Amino acid sequence: IVGEREAGGGATMDGAEKGVASAGGGAGEASAWHNLAGNLVNLFRTVCLWTLAFVQTFNFYGLMLNAPVVFRVKQYADDGVTELTNRVVFDYAAILIVNSGDLVGNFSALLALRMKTNPRRVAAACAAISVPMLFVPLVPALNSHRWGLVFLMLIGRIPAAPIGSMSWILNAVAYPTLFRATGHGWANAVARFGAVTASSMYSMPAALSIPIHALALVAAIPAALFMPAGALEHDQSPKGRR
């Protein structure tokens, strides 16, 4: 608390923060819990934030691990029929192009921020775009055309970065200044579970892992759209500030 006060310089505290600062350690812990889940609004906000945090890393690592599976080049023996399972070759050019969608996605997120676009809408829109793109590798007609497959998977890769960027922004403004680091830290811990879960699904059949992946992205859409306003968040609409 002292460190954040010093870093904030002349910043003022609201009434709740002043009460916590004067009450001591035990009250600080209780107030931190209150900001996370002390009432229905705070609880709902935290659930939405954690859902979005989990899904954004789950989606990012899921897509990254899926590309080598899709673009693995099968090797055959001299008879042209027997597949050589002990030899693994990847289409590295295709994997590189698909994963380069991250660069486009990050620039898109930056542009959205410069235009002061609501981060909830950006995250929800990106999740919605990603859902149908997940099923591209399961469509035989698309798998038969290499560059068509690469292009569609690239389109599906681009929205992953903005979902993550908007998640961290919403975490940063969700809680009062004195508890911002605590709230952000909890969301980051939940996000790590998303990465672990995606990695554990690497060996699952695509027909099973892709629908699970899609359901996670679908869950992120209402979590982003209906997330209550954060304690440090201001309304950018013409009506004024909240």
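**Rings, charges and burial**

User: What is the relative accessible area of Phe90?
Analyst: Phe90 counts as partly exposed. That class lies between buried, under 20% relative accessible area, and exposed, over 50% (1.4 Å probe, protein chains only). For Phe90 the value is 23%.

User: What kind of model is this, and at which pLDDT do side-chain atom pairs count?
Analyst: Residues are numbered from 1 along each chain as its sequence is written, and side-chain values use heavy atoms, without hydrogens and water. The model is predicted: totals for chains, interfaces and linings use all residues, local features need pLDDT of at least 70, and side-chain atom pairs count only at pLDDT 80 or more.

User: How many helices and strands does the protein have?
Analyst: Both are DSSP runs numbered from the N terminus: helices are H or I with at least four residues, strands are E with at least two. From the N terminus on, the order is α-α-α-α-β-β-α-α-α-α-α-α-α-α. The count is 12 helices and 2 strands.

User: What share of the 242 residues counts as buried?
Analyst: The accessible surface comes to about 13,300 Å² (Shrake-Rupley method, 1.4 Å probe; for residues, only the protein chains shown count as cover). Carbon and sulfur atoms hold 67% of that surface. The buried share of the 242 residues is 38%.

User: Among contacts between residues at least 6 apart in sequence, what share joins residues at least 24 apart?
Analyst: Contact means heavy atoms within 4.5 Å. Among contacts between residues at least 6 apart in sequence, the share joining residues at least 24 apart is 75%.

User: Why is the pair of Phe60 and Tyr61 edge-to-face rather than stacked?
Analyst: The structure holds 4 aromatic pairs. Phe60 and Tyr61 have ring centres 5.3 Å apart and planes at 80 degrees. Rings of Phe, Tyr and Trp (its six-membered ring) pair if their centres lie within 6.5 Å; planes under 30 degrees apart count as stacked, over 60 as edge-to-face and the rest as tilted. So the reason is the plane angle, 80 degrees.

User: How exposed is Tyr61, and which aromatic pair has planes at 70 degrees?
Analyst: Tyr61 is partly exposed at 29% relative accessible area. The pair with 70 degrees between the planes is also edge-to-face, at 6.0 Å centre to centre, and consists of Phe90 and Tyr92.

User: Is Tyr92 buried or exposed?
Analyst: Its relative accessible area is 59%. Tyr92 is therefore exposed.

User: The charged end of which residue sits over the ring of Phe60?
Analyst: Phe60 is partly exposed, at 22% relative accessible area. A charge sits over a ring if NZ of Lys or CZ of Arg is within 6 Å of the ring centre and within 35 degrees of the ring normal. Here the charged end is 5.0 Å from the centre and belongs to Arg157.

User: With which residue does Arg157 form a salt bridge?
Analyst: A salt bridge is a side-chain nitrogen of Lys or Arg within 4 Å of a carboxyl oxygen of Asp or Glu. The whole structure has 1 salt bridge. It links helix 9 (residues 146-157) with helix 6 (residues 101-114), across 55 residues. The closest N and O atoms are 3.1 Å apart, and the partner of Arg157 is Asp102.

User: Are Arg157 and Asp102 buried or exposed?
Analyst: Arg157 and Asp102 share one class. Both are buried.

User: What accessible area does the patch of Leu103, Val104, Phe107 and Leu110 have?
Analyst: Patches are made of residues with over 30% relative accessible area and no salt bridge; like charges are joined within 9 Å, nonpolar side chains (Val, Leu, Ile, Met, Phe, Trp, Tyr) within 5 Å. Leu103 is in helix 6 and is exposed at 57%. The four residues form a nonpolar surface patch of about 420 Å².

User: Which residues does Gly156 contact beyond four places in sequence?
Analyst: Gly156 is in helix 9. Gly156 is buried at 6%. Beyond four places, the contacts of Gly156 are Leu63, Ser130 and Met133.

User: Near which value is phi of Lys116?
Analyst: Lys116 is in the loop between helix 6 and helix 7 (119-134). Lys116 is exposed at 63%. Its phi is positive, in a residue other than glycine, and near 60 degrees.
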